Amino acid sequence: MISIHNLSKNFGNIQALENINIQFDKGNVYGIVGENGAGKTTLFKCIAGLENYDGQINSEFKPLKNYLGLLLTEPFFFSKITGREYIQLLCNARKKEITKIDDKNIFDLPLNQYASTYSTGMKKKLALLAILLQKNQCFILDEPFNGVDIHSNIIIVDLIHKLKALNKTVIISSHIFSTLSDTCDEIFLLKEGKIVKKVFRENFNALELEMREFTIGNKIEKLELK
Amino acid sequence: MKLDKKMKEYFKLQYTMTMRKLSDGYHPIVGYLLALLILLVFVGLSMFIFHKTTFAPYTYVFISLYFTSKLSEIRRNDFLKICFGNEEYRKLRILENLIVALPFVIFLIYKQQIYPVFALIALTALIAFLTLKTTYSITIPTPFYKKPFEFTVGFRNSFFMFPIAYGFAIIAVVVDNFNLGMFSLILVFLTILTYYLKPENEYFVWSYSFTPAKFLIEKIKTAFLFSFYLCSPIFILLSIFFENFGIMFLFTLLGYVYLTILVFLKYSAYPNEIGVLHSLILVACFLFPLPMLVVVIPFSAVKSVNNLKEFLK
């Protein structure tokens, strides 16, 4: 369980997050949606302890970061490190023995190639595989479906279901609403650093319609396409 | 070679970028002082190489070409091709290569090494016509794959230095020149030290479930073990054929001490790169080892632990 109380974060004069109060329970999958710059990644970094903040983040896991698998929007890779070595590095960091990596390579990644030569989707899959092999208790997946092919998309959705079944806490952000409605129990709408809405599964369709209405409005008509 | 306005702007921009990098956010005078210091270190090292080995002119040409080749990186050159016309691009590339090689050319002329000067100028101009990939699909095997990343990445970036260093050690035995053997050992240590110059992305420090002290100890342990692997062929070879075991031991010990300092300096500047201040401290450690080491090691160790606390809570 992760509980956030009165979390605020400023970057100079810019208020990135304002008075966030959320609780993430075990065995649940949570979605965070919002426009670009709404504060999703900042919120994730605060939970992970990669950013300083005002307020409180509590968890049964102490320290939370040692039990947290964090998938960044754009995972960073060294220029001359192979996929296999990347997994080894992240498992070493958490003191996790890793054997038979090839058997666990569910995305069929070319593990002996330099990870920096991978495509965007392959990088995402490698970073995801590494945090899964770390055997974490909580997961923050920032845009896990970004650039990923349709087959892997299906695998990732199933993986999230599996993590839920294993009683893990999973927090996802995605700009593809269908992936969130397939996986999440609750979705939080983040706008200009504030949680403006909390929606349960039964109301996902209404939320999607509302978001479409709000986001698109009559913008496309303005182009006068013929 | 006539420079048009666009090319002049390009070189002006390069100069500004270099000075910004050197001054590192401090007053521009810091940049000029550091440039002067780099020049002095360059002259000092050049003197040292020419004093220590008869192969110095060839080594010197090789080092110069190594730096020049860095400008041939494919993405950089693609960008330049987009910005400049074909002829301008060629002129610009030859000119910037010659600027990089200039200090080496001047020193070779000072040493009256006329043939190496011609060879260096010709090869430097020739390299301007090459573009080199920095990412290859061929994976260079490394013995350090079990514990990424410094030695894994570093070894792949500098693997060619080891046959050269080991070659020097063999030549040292053949020509009975102990100093050349020591030079090969120093070369290995200097290469290893470069592995710790760049900071890693914060994510890779954050990922560790270690305390800051444990994290640093692990880094130093790995550095010691893997540098032992790389130095031992030279150490063993020199131990068999020369009797100056004490000097070899002392140099190896110093190598480990500097490695420790560099690890501490890296993380005392973290998450930033080692800046002007840290570079000056490092140079001072080379110039005045004993008094500096006594102060710098504990100070930078404490600073590193404090810096890492932010990421390893």
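In which loop of chain A does K95(A) lie? The loop between helices α2 and α3 of chain A holds K95(A), where helices (H or I, at least four residues) and strands (E, at least two) are DSSP runs numbered from the N terminus. Phi of K95(A) is near 55°, a positive value in a residue other than glycine. Most residues other than glycine have a negative phi, and most peptide bonds are trans.

The model is a predicted one, in which local features need pLDDT of at least 70 and side-chain atom pairs count only at pLDDT 80 or more, while totals for chains, interfaces and linings use all residues. Residues are numbered from 1 along each chain as its sequence is written, and chains are lettered from A and ligands numbered from 1 in the order in which they are written. The scores of the model are ipTM 0.85 and pTM 0.76. For chain B, the mean pLDDT (the predictor's confidence in each residue, from 0 to 100) is 88, and 97% of the residues reach 70 or more. Among the elements of chain B, the highest mean pLDDT, 94, belongs to helix α11 (residues 212–241) of chain B, and the lowest, 81, to helix α13 (residues 276–287) of chain B.

Six strands of chain A form an open sheet with mixed pairing, in the order β5-β6-β7-β3-β8-β9; two strands pair if DSSP finds at least two bridges between them. At the edges are β5 (68–71) and β9 (194–200) of chain A, each of which pairs on one side only. From one strand to the next, the twist averages 15°. Within this sheet, strand β3 (residues 29–33) of chain A and strand β7 (residues 169–173) of chain A run parallel and share four bridges, and I171(A) in β7(A) is the residue opposite Y30(A).

Two helices of chain A accompany these strands. Helix α1 (residues 40–48) of chain A lies across β3, β5, β6 (138–142), β7 and β8 (186–191) of chain A and runs at about 155° to β6(A). Axes here are lines fitted to C-alpha atoms, for helices over the stretch in contact, and angles run from 0 to 180 degrees between N-to-C directions. Helix α3 (residues 120–133) of chain A also packs on the sheet, where it touches β5 and β6 of chain A, and its direction makes about 180° with that of β5(A). Contact between two residues requires their C-beta atoms, placed from the backbone, to lie within 7 Å.

Another set of pairings involves strand β1 (residues 2–11) of chain A. Strand β1(A) runs antiparallel to strand β2 (residues 14–24) of chain A, and seven bridges join them; I4(A) has I22(A) in β2(A) as its bridge partner. The hairpin of β1(A) and β2(A) has two residues between the strands, and G12(A) takes a positive phi near 65° there. Strand β1(A) also pairs with strand β4 (residues 54–59) of chain A, in the antiparallel sense over five bridges, with S8(A) opposite D54(A) in β4(A).

Chain B is built of helices: there are 14 of them and zero strands. The radius of gyration of chain B, taken over C-alpha atoms, is 21 Å, close to the 20 Å from the globule rule for 313 residues, so chain B is as compact as a globular protein of that length; the rule is 2.2 Å times the number of residues to the power 0.38. Along the principal axes, the C-alpha atoms of chain B fill a box of roughly 55 × 55 × 45 Å.

The domain assignment, which is automatic or from a database, gives chain B domain 1 (1–135) and domain 2 (137–313). Their C-alpha centres lie 26 Å apart. Eight residues of domain 1 of chain B are in contact with six residues of domain 2 of chain B.

Chain B also has two cis peptide bonds to look at. One joins P148(B) and F149(B), with omega about 20°, and F149(B) is found in the loop between α6 (114–127) and α7 (150–158) of chain B. Another joins Y270(B) and P271(B), with omega about 5°; P271(B) sits in the loop between α12 (245–269) and α13 of chain B.

Finally, the two chains meet: 26 residues of chain A are in contact with 21 residues of chain B. On the chain A side, helix α2 (residues 83–93) of chain A gives the most, with six residues.
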